[in-house]
Amino acid sequence: MIPRIHQQGSNTLGLLHYLYGKGTHEEHIDPHLVASFDGMAPDPGRDPSVTKKDLQHLLDQPLALLEAGQRPDKHVWHCSVRAAPDDPILSDEQWGDIARRVVAATGIDPGDGAGCRWAAVRHADDHIHIIATLVREDGRRPDHHRSGKRAQAECRLIEKELGLHQVAPGDGIAAKRTTSAERHKAEREGREQPAREELRETVRRAVAGATSEEEFFDRLASAGLLIRKRVAPSGDLLGYKVALPDNRNGEKEPVFYAGSTLSPDLSLPRIRKRWSYDTQGQSTDTPSDQVTGPAPSNPATARRQAAAAAWQAVLVIGNGEDSQVAAHIAAAGEVLDALAKTSAAHTRTELRQAAAVFERATRSHVKAERGHDRALRQAARNLVDSGPALGRGEDGATTAMAIDMLFFLVTAAAHWPAKKEHAQQAAAARDAAEHLRTAYRAAASVPMGLLYQRGQRLSQGLRHKQVAHLRAMVPELAEQILAEPGRHALAATLADTESVGHDPAALLAEVAERRELGTADSFSDVLVWRLRRLADLPADATTMLDHNPSAAKGSGRAVSPAPSRDDRPRKTR
């Protein structure tokens with residue numbers, strides 16, 4: 001249940017016309033009162049003999065107690081309270097009780113017999129509007145300081161008592177919400193999302209891995225945004241605004257949004273903090289060159305490096321200082337943005353949604369200690385610089401590998417704020433993890449299928465050997481892994497590690513020790529990608545055969561190449 005305190009106004013009758021009107025899209029149905037300050041206010045929605053002017057006159061009567069110079073310029077208080085989409089439809093009596101509790105909690109009508117006059121109007125199943133005059137019956141002003149937070153706290157209690165969807169408590173650092181006017185405008189113009197949300201995502205993707213103002217603004221321009229820079233008389237750049245070329249106001253001018261109004265961490269000073277550590281070259285616990293290696297020349301290499309950086313970040317989040325953890329979580333958001341920007345169509349939508357919801361998890365009251373996140377930020381930059389990936393072959397398989405590791409990173413990022421009771425961030429990270437699950441299934445379907453087929457062709461003796469490795473190295477997981485369809489892909493991967501000179505048992509023991517394994521849908525899938533990354537094996541099974549033809553051995557039969565066009569049987573007419 002979401003209460004929202006709207007901007008104070010000066011026109012009681014104007015607001016009543018909206019509440020009792022048809023709505024912008026004729027969405028208002030049966031507007032009527034559900035409660036009022038005395039329980040006897042006239043209802044122009046249900047009583048034909050009553051006008052909206054009658055109700056306005058009743059609500060504004062306390063203003064007459066004040067002399068003209070004492071009356072507040074903005075005397076109209078307006079609060080909407082909206083139920084969650086999955087909540088049951090509440091009765092008028094329940095909404096009336098909710099309205100009374102909200103005005104009491106916010107100080108509008110605290111129950112002392114001299115509160116403000118108010119009325120609650122319902123014109124839809126899922127919400128009400130409360131309108132009040134900000135002058136008490138005794139002529140004094142109400143104590144409604146921080147009424148938004150007070151309304152939120154009361155709604156949390158109401159949710160529990162009525163068994164409604166429980167919203168995570170706010171922490172005051174969320175990005176500004178899209179307004180109803182912005183949403184309605186997007187609907188009228190046929191946009192997939194409001195301009196504010198589209199701009200927020202575009203700017204966030206431009207930040208991912210950028211290392212300078214010039215690069216950042218070049219990316220914004222390449223994305224097709226209009227840019228307006230705020231420059232001091234000294235010539236120093238103070239800030240920026242962006243707009244969509246086709247988002248215009250009534251005067252046909254572009255509607256610009258400052259970076260700070262899109263999200264607090266998208267202000268120019270906050271973005272510069274990321275760059276300062278990249279350019280100063282400060283040492284970190286995990287230098288980027290040790291994790292990500294040289295700049296990649298192709299998308300597959302960039303994805304392997306992103307998986308490596310995510311692997312190390314999981315350990316930091318589990319054991320690091322709070323300031324270091326906050327920096328890694330923020331940088332993980334950049335990697336998600338970069339991966340979404342460069343991935344193929346069959347995973348792009350879910351990855352974009354994962355990045356969008358995870359953005360909330362990257363903002364915290366804990367100050368991030370930049371510099372420790374260089375490996376992840378470099379991984380984000382590498383993903384962008386290497387360009388778009390194909391949805392097949394090594395590009396597609398390494399995308400699955402990267403998503404697999406990012407899933408565990410995001411899961412770890414959900415546990416850290418949960419321990420600190422930062423509910424908004426924890427919920428956002430959990431939501432992002434679910435989108436990554438879906439993206440992983442789409443990315444892994446083909447490469448895991450190819451490994452599955454190779455695993456099925458292994459000789460019986462080799463399969464027994466792999467089972468022995470499992471039971472010796474991961475006894476607590478062995479039986480569950482052996483019951484999973486992915487066991488064949490794991491068997492093929494263990495055989496591949498041995499074919500290139502590794503000890504499969506030792507590698508298996510190492511990768512199984514890593515954190516978060518228990519949150520996986522398939523243990524065998526996780527072990528496959530960790531083994532292939534650690535052993536530097538191609539992620540794609542067909543690439544493996546080209547990389548090391550001896551990997552085909554042990555199957556008991558030769559692996560035949562696909563027939564050429566001329567070799568295929570011809571149809572007879």
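## Strand pairing around S7

Two strands are taken to pair if DSSP finds at least two bridges between them. In this predicted model, strand S6 (residues 226-231) and S7 (residues 237-243) pair in the antiparallel sense over six bridges, and within this pairing Arg230 stands opposite Gly239 in S7. S6 and S7 form a hairpin with five residues between them, and Gly235, which lies in the turn, has a positive phi of about 95°.

S7 also pairs with strand S8 (residues 257-258), again in the antiparallel sense, over two bridges, where the bridge partner of Lys241 is Ala258 in S8. Strand S7 is mostly covered, with five of its seven residues buried.

## The chain as a whole

The protein chain has 22 helices and eight strands, and 52% of its 573 residues count as buried. Its accessible surface comes to about 27000 Å², of which carbon and sulfur atoms hold 49%. Among the contacts in the chain with a separation of 6 or more, 72% are between residues 24 or more positions apart.

## Pro388 in its loop

Pro388 is found in the loop between helix H14 (374-386) and helix H15 (393-419). Because exposed means over 50% relative accessible area, Pro388, at 69% relative accessibility, counts as exposed.

Leaving aside neighbours within four places in sequence, Pro388 is in contact with Pro299 and Thr342. Pro388 and Leu339 are 49 residues apart in sequence, while their C-alpha atoms are 9.1 Å apart in space.

Methods. Residues numbered from 1 in each chain as written. Predicted model: local features only at pLDDT ≥ 70, side-chain atom pairs only at ≥ 80, totals over all residues. Heavy atoms only, no water. Helix = DSSP H or I, 4+ residues; strand = E, 2+ residues; numbered from the N terminus. Buried < 20%, exposed > 50% of the residue type's maximum accessible area, 1.4 Å probe, protein only. Contact = heavy atoms within 4.5 Å. Areas by Shrake-Rupley, 256 points an atom, 1.4 Å probe, with all protein chains shown as cover.
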